[in-house]
Amino acid sequence: MPSLIIDGKEITADPGEKILWAALRSGIYIPHLCATEEAELPFGGCRLCLVEVEVGGRREMVAACSEPVREKMKVYIQTEKLTKMRQTAFELIMSDHHIDCKNCAKRKECQLIRIASSLKMPLQPKRLRSLARDLPIDDSHPLFTNDPRKCVKCGKCVLVCQGLGESFLDFVDRGFEMVVSTFDHLPLGSAGCESCLEFVKVCPTGALYFKETGGMKDEQKISNP
Ligand code: SF4
Ligand code: SF4
Ligand code: FES
């Protein structure tokens, strides 16, 4: 079993395991949003899991969710440079986020709240103005709701949906307009996703949630066609 040293603490990892999952299993928290343990190629878009690794006496910055552990590698997660980079990445993510925790179904398990706390930051960006868009909530499915205003484009739902051989979900439109949706923007209630609903479970924010958990407001819903 390979071992690695994170900020001076030695831990073990499974062969081929990525730094992020080895750290989390050992109780060391590294902020992360878009990582999926089962994915061979993680989405790698959030840049919150950046760490420094020592290679040949020099430090390199890598994404902990995609970098495999090597025997005795030294990893640094708490440097000033990394903290600043993570804070900037987090502010960018939150500048496009509709912050309404009081009415959010995920407020007790939200990964954004956990990340903000670990970075000692407020959810609301201080340096960037809000670019949150007023997008309609899709309430057309009987079991779950999609609130795109709370989507952070982590790609986990798309990855899980497509990894299961389904193709209901994808990123549609480009750049700032990009959203997770179905082809032709069909409401999710008529897109055919009825079986596993795994993609709802993996959403780290209040963008996808089961109706039984509540948190829904009546405004802006798309009704079942
Ligand atoms: S997803 Fe919900 S709980 Fe999390 S920050 Fe956004 S509004 Fe708050
Ligand atoms: S809906 Fe959730 S899982 Fe999917 S990209 Fe948005 S935040 Fe990520
Ligand atoms: S969790 Fe590694 S880049 Fe997002």
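This dialogue covers the pockets and the ligand site of a predicted model.

Visitor: What conventions apply here?

Guide: In this predicted model, local features need pLDDT of at least 70 and side-chain atom pairs count only at pLDDT 80 or more, while totals for chains, interfaces and linings use all residues. Residues are numbered from 1 along each chain as its sequence is written, chains are lettered from A and ligands numbered from 1 in the order in which they are written, and side-chain values use heavy atoms, with hydrogens and water left out.

Visitor: What is the volume of the largest pocket?

Guide: On a 1 Å grid over the protein atoms alone, a pocket is an open set of points where a 1.4 Å probe fits, with protein on both sides within 12 Å along at least five of seven lines; a cavity is a set from which the probe cannot get out; lining residues have an atom within 4 Å of a point. Points are joined across faces, edges and corners, and a volume is the space filled by probe spheres set on them. Here the largest pocket has about 380 Å³. Its lining has 20 residues, and Gly45, Cys46, Ala89, Leu92 and Ile93 are the closest to its centre.

Visitor: Which residues line the second largest pocket?

Guide: This pocket holds about 260 Å³. Among its 16 lining residues, Pro136, Pro148, Val179, Ser181 and His185 are the closest to the centre.

Visitor: Where does ligand 1 sit?

Guide: A molecule sits in a cavity or pocket if more than half of its atoms lie within 2 Å of its grid points. Ligand 1 takes the space of the second largest cavity. Residues around ligand 1 (a heavy atom within 4 Å) include His97, His98, Asp100, Cys101, Cys104 and Arg107.
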